[in-house]
Amino acid sequence: MYRYDEFDSRFVHERAEQFRGQVARRLSGELSEDEFKPLRLMNGLYLQLHSYMLRIAIPYGTLSARQLRKLAFIARAYDRGYGHFTTRQNLQLHWVQLPKVADVLVDLAEVEMHCMQTSGNCVRNVTADHFAGAAKDEIEDPRILSEVVRQWSTLHPEFSFLPRKFKIAVSGSDADRAAIMIHDIGIQIVKNDEGEIGYRVFVGGGLGRTPFIGHEVGHFVGKCDILAFLEAVMRVYNESGRRDNIHKARIKILVHQIGPKEMRHRVEAEFAEIRQMGVLELPEGEIARIAAYFTPPDFEALTDECPEFEAAKRSSRGFADWVKTNVHAHKMPGYAIATVSLKPIGKTPGDCSSDQMDALADLMDEFTQPEIRVTHEQNLVLPHVRRKDLFALWQSLDTLELATPNHGLVTDIISCPGLDYCDLANARSINIAQEIAKRFSDLERQHDLGELKIKISGCINACGHHHVGHIGILGVDKKGVENYQILLGGSGAEDASLGEILGPGFDKEGIVDAVENVIATYTDLRQDGERFLDTVRRVGAIPFKERLYAH
Amino acid sequence: MLIKRGRIVDDPFLALADGEPAPQSGAILVSLKRFGAEKDALLARGFPLAVRVAAGESPQSLSDDVHKLAAVVLLVGYFKDGRAFSWARLIRTRLGYKGEIRISGHFLKDQIAFFSRVGADAFDLSENISPEDVDLALKEISNVYQPSVDGRRTIPELRGRMNERRRLAS
Amino acid sequence: MPQVLTANRLQVGEVVYWNSAQGWVDSFAEAEVLPDDKAEDVLKDAAEWVTKREVVAPYLFEVRVKDGVAVPVKIRERIRAAGPTIRTDLGKQAG
């Protein structure tokens, strides 16, 4: 993974001191809250329902054991001993105090971490496929480009006061595990007929009040040109994005208003000008230097035949269940990708205690895991586990409540913090996730239902990505009472689609039954081992609406 | 207080409202609209002319005329409006302007380093920003990651040179 | 409808409520219930505390009074007064 050199290190330390100065100016009254707010947001500090919340950047979701330990320490020392992993691969701490934040930044800087640009009207954390470097179908590790973009976008002088936030995601394969189609800029790494690697650039995806799937604006952008292309997109947005209404300020609104064709035209004009100047040409040497940080670890020469693994599956039902869903094929024989579930039934999706983080760091050392990843579905991933180590790993994870065998199943729910934590929320979301998980906790039933992604947001800002859930749930305020609308048929993968609202919402007591009815409709209508999403796409929403609202 | 290239200077321009007649002599500052409507007459005066671009306006329309101006003033209505950063870049780079680009209006000292990088070289400071603040603001973060109008060496470039020096030394 | 004035302490971020006798208090139970005609003035006066950098983001919210006990009308304020409903070991509710 990327290692800071003295330049990067000095940068984050200076940034921490700069923020310390900004806090001092706030506390002395030199800065009003209005003036301080965008500055603190650019260091990821929010004022939430109960307290200040700090969002720590985890670039493309990758962490070393050392960094994980530091996060555990920070959560203990400055917060309440836990953190929440988000749908943008970051970590949130819900109980920090303003005068201590600069100290947190200094602690983070020690392990090459920071909170820069995790909020504010600037380029946010660049997210990428959590199976990077391990997936069989990978064309190129998306984190190389992600790191290039991260550096380029850090304190960019022209683009730090955009009309609104800007989110970029990178996928390294045809399968989209980074949800690039619902990002302001989504980048897909592709190979042309000559075998050259280039980038397919989508612009204008996004969720929230007005969800959109991104449009292709760059068909095949060369490696050396990608920064120039991104700068072109950003400039068109900075100059022309709406600033009169925060609900109409994202680039997706601009693309929708002027049309993708005009957007391409403007971007190409800007791109041509930037290219001509040559300043943003990415030198091969720099690409290679960054790529070198992402060379895979030294894999042992193993085969996929692993008798101890097979024996363990036979002897342990629990292990066999876990392997079924949480273990994924690796490009190297004898290796596997393991999903560490943060979705124990009845607990808060995505939360992880300091004790768990420390224990995970120990496991990483024990099983020589150089990295752990955060996924946008609020789980963790150990990308390079030897198959022969899986059973021992699982046993340890199990004692830590990190081995729930539900990856991709109905209880692997994505949920924003909602009204329990968030100042923007209209309804609680975590409790709904918990109730649904409890209702469907029977593992046999979960397996019968198969892949079923439920995503819950506590308000229209859609941090829970409800628009792209197979079942999406949106919490609203209906005359002072929490109310939940159901959306159907969304997907955040390469077959991206936005969910359709089925009808009037349900109250807290009714929503779980409603979800059960939706799922029952699926089991009644499914054919030939169809996934839930496939049945929905085949039969449409009407049978589900009828089931929900007939009486 | 007006700071230009790190020094406190007097503002030579008399700012004129749109309908206000221009004096016989002396440097004046007019709106972009007025410049568009009365360009020839204003330039014919033979005295330094500055144009103010307000929020919501683009300096693109200045085009080649920009070279006849003694200064372009970018008026920021509210500090969150980041268009002025792109406008400064546009004026320096696309239009090739070599004169004064001044930032005026509501901006924070924390934005001065950014403005400076994209080509602004003068700042109309409000009373809570001092020249020392400007100095500090420009020094707070030693290095930059991305190229911009200022032509500063970026971290990737500095790395490249450092690594090359080390390679040669070993 | 009667109202209560609330804000967050600038430094620690904690939720506080206004009581003209005691100032900013930590617990909703001690908050002063403001009659409608008085509430707006109290909110205006709160600006002074913002300037003094004691609190940020003061605002009013409605309460219902039953048997002398005030309860926030909105669930958001009930949660804000107590803590996260799914972690009763956190927030003001934990004591």
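These questions and answers walk through parts of chains A and B in a predicted model.

User: Glad to be looking at this one with you! What should I know about the numbering and the confidence limits?

Analyst: Residues count from 1 along each chain as its sequence is written, while chains are lettered from A and ligands numbered from 1 in the order in which they are written. Because this is a predicted model, local features need pLDDT of at least 70 and side-chain atom pairs count only at pLDDT 80 or more, whereas totals for chains, interfaces and linings use all residues.

User: Is strand 5 of chain A largely enclosed or open?

Analyst: Strands here are DSSP runs of E with at least two residues, and helices are runs of H or I with at least four, both numbered from the N terminus. A residue is buried if 20 or more other C-beta atoms lie within 10 Å of its own, exposed if 12 or fewer, and partly exposed in between, with C-beta atoms placed from the backbone. Six of the six residues of strand 5 (residues 91-96) of chain A are buried, so the rest of the structure leaves this strand largely enclosed.

User: Which residue is the bridge partner of A:Tyr52 in strand 5 of chain A?

Analyst: Two strands pair if DSSP finds at least two bridges between them. Strand 2 (residues 52-56) of chain A runs antiparallel to strand 5 of chain A, and four bridges join them. Within strand 5 of chain A, the partner of A:Tyr52 is A:Val96.

User: Which residue in the turn between strand 4 and strand 5 of chain A has a positive phi?

Analyst: Strand 4 (residues 82-85) of chain A is antiparallel to strand 5 of chain A, with two bridges joining them, and A:His84 stands opposite A:Gln92. These two strands form a hairpin with five residues between them. The turn residue with a positive phi, about 65 degrees, is A:Gln89.

User: Which element gives the largest share of the side of domain 1 of chain A that touches domain 3 of chain A?

Analyst: Counting a contact when C-beta atoms, placed from the backbone, lie within 7 Å, 21 residues of domain 1 of chain A meet 20 residues of domain 3 of chain A. Strand 3 (62-63), helix 3 (65-78) and strand 4 of chain A each give two or more residues to the domain 1 side. The largest share, seven residues, comes from helix 3 of chain A.

User: Which elements of chain B give two or more residues to the side that touches chain A?

Analyst: Two pairs of chains touch, and chains A and B have the most contacts. In that pair, 27 residues of chain B are in contact with 32 residues of chain A. On the chain B side, the elements giving two or more residues are helix 2 (83-94), helix 3 (112-117) and helix 5 (155-169).

User: Which helix of chain B gives the most to the side of domain 1 that touches domain 2?

Analyst: Chain B divides into domain 1 (2-139) and domain 2 (142-170), with centres 32 Å apart, taken over C-alpha atoms. Seven residues of domain 1 of chain B are in contact with four residues of domain 2 of chain B. Helix 2 and helix 3 of chain B each give two or more residues to the domain 1 side. The most, three residues, come from helix 2 of chain B.

User: How far apart are the closest C-alpha atoms of chain B and chain C?

Analyst: No contact joins chain B and chain C. Their closest C-alpha atoms lie apart by 16 Å.

Definitions and conventions: Domain bounds come from an automatic or database domain assignment.
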